[in-house]
Every structure is written in structure tokens, then in C-alpha cells.
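Welcome! Open your viewer, get ready to select things, and let us take a short walk together.

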Amino acid sequence: MGEVRLRFAPSPTGYLHLGGARTALYNWLWARSQGGKFVVRVEDTDQERSTAESTRVVLESMHWLGLDWDEGPEYRADDGRTLGGGDCGPYYQMERLGIYAQYAERLIRAGQAYRCYATKEEIAAEREAHQASGSKAGFRFESPWRDKHGEPDRPHVVRMKAPREGKTGWLDRVRGRIDVPNETLQDVILLRSDGVPLYNFGVVVDDLTMGITLVARGDDHIVNTPIQILLYEALGEAAPEYAHLSMILGPDGQKLSKRHAAVGVLDYREHGYLPDGVVNYLARLGWSHGDQEIFTRGELIEKFSWDHVGKTGARYDAKKFLHVQGQHLRMLPNADIAMHSKPFLEGKGVQVDANDVRLVDAIEHVKTRACTLDEIANDVEYFFKEITEYEAKGRRKFLTPERAPYLEKLSQLVDGVASFEAGALEAAVLAWLEADGLAMKDVAQPARVALTGRTRSPGLYDVMVLLGKDEVLKRLKDGADVARTPVEDAVSGADAGAPGA
RNA sequence: GGCCCCAUCGUCUAGCGGUCAGGACACCGGCCUCUCACGCCGGUAACACGGGUUCAAGUCCCGUUGGGGUCACCA
């Protein structure tokens with residue numbers, strides 16, 4: 001017996017944020033490492049806030065991250081592959097209402113739950129009275145219907161009959177023993193008056209009927225766990241194991257939100273992050289494996305374990321995230337990077353075939369200074385696009401009248417070099433510098449600005465080879481022309497001249 | 001306020017009674033160098049506080065303080 005079954009149960013009320021993604025990831029990792037199953041269930045019982053659009057975004061996010069589910073809602077990916085389905089469906093809670101009704105009835109018959117006819121107004125009145133009394137204890141609604149029956153057809157909710165003595169606890173996979181006094185528990189509502197289950201009941205019925213063996217979720221659910229365990233007991237069923245994960249915090253230690261960073265998983269896709277990098281960063285945020293920082297997906301599956309999941313809330317660190325991205329980017333073959341950066345190039349108006357050797361070669365030279373696909377596209381842009389604007393600082397500092405002759409001389413050398421390749425170009429330039437008593441830096445920066453429009457780029461000779469002789473000659477000439485033209489707008493000073501303008 | 005959770009460099013963390021408290025990001029130097037990176041070398045930087053237990057405590061226990069979660073016909 002004992003197939004390990006994990007689940008991720010998002011409520012489709014927004015996008016999938018980093019915290020949710022990490023929860024999903026840990027569940028997925030454990031399922032994969034144990035050869036178990038990973039199931040996704042959509043908790044859409046909040047009809048006010050749940051949307052189909054949100055469901056789609058959440059599933060798309062998970063698919064992008066590579067967190068494929070064995071059972072769950074159906075999802076057709078771009079590649080035509082279909083995820084989802086399974087024997088424990090439906091996987092949308094709103095399609096399982098009949099099941100909840102059945103289980104509620106079972107609890108009522110067993111005397112573990114009861115129909116409560118108290119109205120919202122009555123409850124609100126009690127709450128106010130409680131607050132007015134100045135009592136220090138938290139408010140707990142004591143239903144008058146706990147031990148009496150009413151007419152089943154009158155509007156009512158179904159409440160759990162929680163024990164008033166003793167304690168309920170469990171051995172948490174990340175936090176160890178947790179016990180809670182039962183007298184602090186409420187007779188929580190299981191089914192609303194419209195028959196839709198509330199969180200605690202839906203979760204228990206679904207986890208039970210879906211055969212979930214370990215529930216890993218955010219630690220804001222610690223408070224719900226005793227209630228759920230009690231529900232399993234009331235049903236005479238065994239509760240799953242639990243693992244409660246701490247939250248992801250913003251840099252200021254507060255709950256992570258939009259004002260700290262992009263929090264939607266898909267935002268990172270848009271910014272050119274790689275799924276493996278996101279997965280690595282998220283995995284490592286709150287979990288560790290000795291001194292190792294960079295993990296492939298396979299290593300994560302192999303090495304993940306609950307005993308090394310931390311108990312502290314982890315702060316989001318954008319710089320470290322970027323660093324991890326960069327590491328993963330550099331692990332990729334150039335051809336793959338080329339393929340993945342295609343959309344980002346297009347976004348910049350650059351049309352180039354992903355198999356173009358010039359693109360692949362260019363990537364080889366820029367990838368040490370890029371962390372994301374978007375940065376790759378940016379760093380490679382000027383190889384495929386005419387320079388329409390020089391970086392202001394570079395233009396002002398290096399494209400000056402006194403540098404113009406250098407650019408022209410360099411142009412002649414390039415034109416005259418026997419074979420147009422890095423070694424020969426370097427030899428020619430070095431000989432010239434030697435003869436004229438010039439330093440490399442006198443020439444290199446003006447040339448760089450002329451060739452790339454920027455002050456930072458790969459090595460000069462590499463840039464030239466990538467550009468090709470004709471283009472180099474053209475850009476050098478344009479650069480020299482611009483250099484002879486004084487910077488026009490001294491007031492704004494920020495505008496750089498365009499070549500030939 | 002009740003209940004619950006948490007506490008090592010600025011940040012993520014290693015540590016599971018005996019360590020010069022280690023690594024990574026960030027930061028600061030240096031090397032490399034045509035710029036920016038990458039890479040390499042080096043540096044600054046932490047056990048919240050107070051009591052115990054023990055020959056020995058970052059590690060175990062208690063308390064304090066400080067964070068956080070939760071107290072819905074939301075999830």
C-alpha cells in the first residue's frame with residue numbers, strides 16, 4: 001500500500017504568486033522524489049472572487065514552471081500535450097457539491113455535526129455583545145442548536161460539533177509537535193446555507209476522497225489543522241501528514257506584495273526569467289542542502305527533503321534571484337538561449353532566425369553579462385539592428401572631434417587587414433598603436449561607441465567579427481562623422497546624435 | 001487580547017553539545033583588462049536578551065523581548 005499522494009489546491013482568485021508557486025513546488029518535488037502522484041484541485045467555492053480566467057492563469061503558471069500534475073483539471077498546453085484528468089475527480093470543488101452533502105449528512109447522523117438555524121444577524125449581535133463586554137477572550141459563537149433539532153427545511157448551515165475539552169495535535173513534518181487546546185476551537189461551519197462547503201470541510205472531504213497522504217501548505221493554515229484533524233476523527237478516518245511552510249516576505253519583512261516586486265509567476269516569464277531559475281530560487285528560499293546554491297531540476301528532486309525546510313519566514317531578495325537566473329542561463333547551450341530569446345528580440349523589433357549562427361555566436365559573447373533572456377536580447381540587439389541612437393554619455397565622452405581621426409585610421413586598418421578575424425585585427429591594431437604611441441583605451445572606447453552605440457560590450461575584435469567587415473566600416477565611418485559634429489543641444493545634453501544625422 | 005508559530009552575518013542559510021561559527025547573494029578592496037561582465041584572490045559582517053541543565057550550549061529547558069499567523073456563511 002501507500003502510494004505517496006501530494007496536492008496543490010489553489011483558489012482561483014488571482015494570479016499564482018511566488019508564495020503559492022513555492023508551495024506547489026515543494027509538493028511537486030516530494031511527489032516526484034517519492035515516485036508518487038501530484039494532484040491539483042481547484043478550490044473555487046468562493047464564488048464572489050473565483051474566476052475562470054484566474055484558473056487558467058494559475059494552471060498556465062504551473063505548466064510554465066514545469067510543475068506538471070498527474071491528476072487535476074484538464075489543461076491543454078501549447079505543445080498539444082494535455083495534463084489533468086484522473087479517477088478522483090471532478091477536481092473543481094464546485095462540481096463536488098453532492099459529495100460534500102453526503103459527508104455532511106454522515107457527520108450529522110453520527111452526532112458529530114448539527115444543523116444550525118441561527119441567522120447572520122443573531123451571530124453579529126452576539127459578537128457585538130461580546131466585544132461590548134470587554135472580555136479578553138476571543139469571540140466564539142455558541143450555537144443554541146448544538147444539542148437540539150430544528151426543521152431540516154428551514155434555512156440553515158451545518159456546523160461541526162467540536163469537542164470542548166482536551167487537545168488536538170499532530171507531528172508536523174517541518175515544525176515538529178504542535179498541540180492546540182480544544183476549548184479554543186469553534187463549531188466551524190461546514191456547509192453554508194446554500195450547500196457550498198467552507199474551506200475546512202471542502203479540504204477534508206477532498207483530501208480524504210483523493211487519497212492525499214501529506215498536506216504541505218502555508219503556515220497560515222496551522223490554525224485550521226486541528227479542526228481538520230478533528231473532522232477526520234469524526235468521520236472515523238485517518239488524517240494525512242502535515243507540513244507547514246513559512247511565508248515568503250518582502251525585503252522589509254512584511255508580507256510580500258506587489259509593492260515589493262513582481263509577485264505573479266507569469267511576470268517573471270515576461271521579464272525573461274527561466275523556469276528552472278525560478279524553481280531553483282524558490283526551492284532554495286526556505287530550504288537548503290548544505291552549501292549548494294545552484295540546482296538543476298533533477299538535483300532538486302533528488303535532494304529535496306522536509307527536514308531541511310526552514311521554519312523562518314524568508315525574505316525575497318531580487319538580486320540573489322537574478323544571480324540564480326544568470327547561473328541557469330549560462331548552463332544552457334547557446335542554441336537554446338537563442339531559441340528562448342527570440343520573442344524578446346521580436347519585442348525589440350529585431351527579426352532574426354533562432355538558428356542564425358550570428359545570433360548563436362553573439363550569445364556566446366554576451367551571456368556572461370546577462371542574467372535573463374530579456375537582457376540577452378538587449379545585449380545582442382545592436383548586432384542585428386542599425387544604430388539609431390548613441391548612449392548619451394558615450395557619445396559626449398568618446399565621439400569627439402579629436403577622436404575622429406582614430407576612427408578613420410581604424411577603419412583603414414580594418415579595410416586592409418588580410419583576413420577578417422579577431423587575431424589579425426588585433427595584430428594590426430596593436431602595430432598601429434605601437435607605432436603612433438597610442439594606448440588601446442584611446443581607441444577602444446570611441447570604436448566601441450561607434451560600433452555598438454554603447455560603452456559596454458564584448459571585446460572589440462569579437463564585436464567586429466560578429467558585425468562583419470562591411471558593417472564595421474560603415475559604423476566606423478558614421479561614428480567618425482558624428483564625432484566631428486559638436487554635441488548640439490548643450491542644454492538638454494542628454495540627446496545623442498544619430499549616425500549620418 | 002486568546003491560541004499558535006518563529007528567532008545565526010544586511011539577505012538566504014549551514015550547524016543537529018566540543019567549529020578559528022561555514023557557504024551564497026549584496027557590499028568593500030585587489031588581480032585580469034579595450035569597456036562592462038565572467039572568473040580568481042582577499043576583506044567587513046551574525047548566534048536577540050536573561051536564567052538554568054552540562055566538564056562543555058548557537059545547539060537542550062524555562063522566561064523575557066521582538067517578529068509573524070489566526071480568531072468570517074474567505075481560502
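Start by selecting helix 8 and helix 10, which are oblique to each other, because angles under 35 degrees count as roughly parallel, over 145 as roughly antiparallel, 65 to 115 as roughly perpendicular and the rest as oblique. Helix 8 covers residues 275-284 and helix 10 covers residues 318-331; they pack at an angle of about 135°, with axes 8 Å apart. Axes are lines fitted to C-alpha atoms, for helices over the stretch in contact, and angles run from 0 to 180 degrees between N-to-C directions. Helices (H or I, at least four residues) and strands (E, at least two) are DSSP runs, numbered from the N terminus.

A note before moving on: this is a predicted model, where local features need pLDDT of at least 70, side-chain atom pairs count only at pLDDT 80 or more, and totals for chains, interfaces and linings use all residues. Residues are numbered from 1 along each chain as its sequence is written, chains are lettered from A and ligands numbered from 1 in the order in which they are written, and side-chain values use heavy atoms, leaving out hydrogens and water.

From helix 8 come Asp 276, Gly 277, Val 278, Asn 280 and Tyr 281, meeting Lys 320, Phe 321, Val 324, Gln 325 and His 328 of helix 10.

Next, select RNA strand B. Which residues are the closest to RNA strand B? They are Thr 45, Asp 46, Arg 175, Arg 192 and Arg 369. Zoom in on Thr 45: one of its polar side-chain atoms is 2.3 Å from a phosphate oxygen of RNA strand B. At Arg 448, a polar side-chain atom lies 2.7 Å from a base oxygen of RNA strand B. Finish at Gln 445, with a polar side-chain atom 3.1 Å from a sugar or linking oxygen of RNA strand B.

Key. Contact means heavy atoms within 4.5 Å. A residue is near a molecule or strand if one of its heavy atoms lies within 4 Å of it. A polar contact is a pair of N or O atoms within 3.5 Å; within protein, one must be able to donate a hydrogen and the other to accept it, and residues adjacent in sequence count only if both atoms are side-chain atoms.
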